[in-house]
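Visitor: Could you walk me through reading charged pairs and nonpolar cores in a model like this one?

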Amino acid sequence: MVRTLEAIVGEIKKVKNIIVVGHVMPDGDDVSSVLTLTMALEKIGKNVRGVIDDQIPGYLEEFPFIKDKIKSYDCVSKFPAELIISVDASSPDRIGRVYDHFKFTRSVVIDHHATNTYFGNINWVDKFGAAAQMILRLNKMLEVEYDEDLATANLLGIATDTGFFRYSNTDSTVFEDVAWLVKKGGKIGLISNMILENRPLENLKLYKDFLDVMKLERENTIAYSHITLDMLKKYNIAPKDSPSFVGELRSIKGVEVAVTFTEGEPGLYHVSMRSKEWFDVSKVAVTFGGGGHPRAAGFSKKSDNLAELENETINEIIKLMESYDK
Ligand code: 5GP
Ligand code: MN
């Protein structure tokens, strides 16, 4: 790990103009990693573009500095980048159009997904609970000074990817990093309020409809449901602000695997999977061309028949479950 980290530091020290890119359908860890690395590299005098080639969901957009520091794809087309650093993305398709620039520009991949395809010139892929923990290590090696803004930005990813320190990826390094960042002024209360205590009422109304169409399989160990564009329209929710209820499904007593099918564009579904204790959902995601972690994974798929897509996915899960039974 230290050697790869040193190589990345060497690459950064050599150049001035850097793109930091996150993944499409950004989550808290992703925007935190892009934001933290962008702000840190600026602090040490680099010319940086933090980019995500997708819309930022409303619940993250309001977070300090995100609107200012994370730009859309347009900002990189004429930028004379000498280095691209991809964070929290496991494969090229996850970074959208920014991948086109990998042909001409040196690249570094920093990621914590076991399903990573090593698509950069230098790849640091490690088993951390959050990509934001890896950014913290890189920043420390770059001797970046942390203030409360940088600490808060960095904390966001660690808090969200560990489900606020509840998931099994919450190891001792998480608490050590959090303690360090809180000492630097990181505001954990601000993050919990913005993420957990800020749900639009419409989302809760939608949740009722989502529960109405929920189904259970295999003696109630698999729970799944969907959100279609029509369901979103009923409550005037934009697709980019579509809430994720997959955690709620997993929280049901006896459920091991939870799956949600969310329509993002007409006929295009994002499938989110979570497991509680033993089932490896990343294996199922990879079968369908996606990726992720053993307890949280996903993929996107076009389909003009949602029921068919649901059956296909649930059958694949059942098939894998049966192989555990043997
Ligand atoms: P979510 O269900 O919240 O979208 O994603 C859960 C995990 O799976 C995240 O770590 C995310 O990066 C990963 N993931 C979700 N969708 C995809 C996908 O289409 N491709 C890949 N490679 N990973 C995905
Ligand atoms: Mn992550």
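Guide: Happy to. A salt bridge here is a side-chain nitrogen of Lys or Arg within 4 Å of a carboxyl oxygen of Asp or Glu. By that rule Lys-240 pairs with Asp-241, their closest N and O atoms being 3.5 Å apart. This is a predicted model, in which local features need pLDDT of at least 70 and side-chain atom pairs count only at pLDDT 80 or more, while totals for chains, interfaces and linings use all residues. Residues are numbered from 1 along each chain as its sequence is written, and side-chain values use heavy atoms, with hydrogens and water left out.

Visitor: How many salt bridges are found in the whole structure?

Guide: The search finds 15. One of them joins Lys-187 to Glu-148 at 2.8 Å, N to O. This pair links distant parts of the chain, 39 residues apart.

Visitor: Is Lys-14 buried or exposed?

Guide: Buried means under 20% relative accessible area, exposed over 50%, and partly exposed in between (1.4 Å probe, protein chains only). Lys-14 is exposed at 61%, whereas its salt-bridge partner Glu-11 is buried at 9%. Their closest N and O atoms are 3.8 Å apart.

Visitor: And which residues have the most contacts inside the largest nonpolar core?

Guide: A nonpolar core is a set of buried Ala, Val, Leu, Ile, Met, Phe, Trp, Tyr and Cys residues joined through side-chain atoms within 4.5 Å. In the largest, with 52 residues, they are Ile-12, Leu-41, Ile-85, Ile-110 and Leu-138. A second, separate core of 22 residues includes Ile-222 and Phe-299.

Notes
Chains are lettered from A and ligands numbered from 1 in the order in which they are written. Helices (H or I, at least four residues) and strands (E, at least two) are DSSP runs, numbered from the N terminus.
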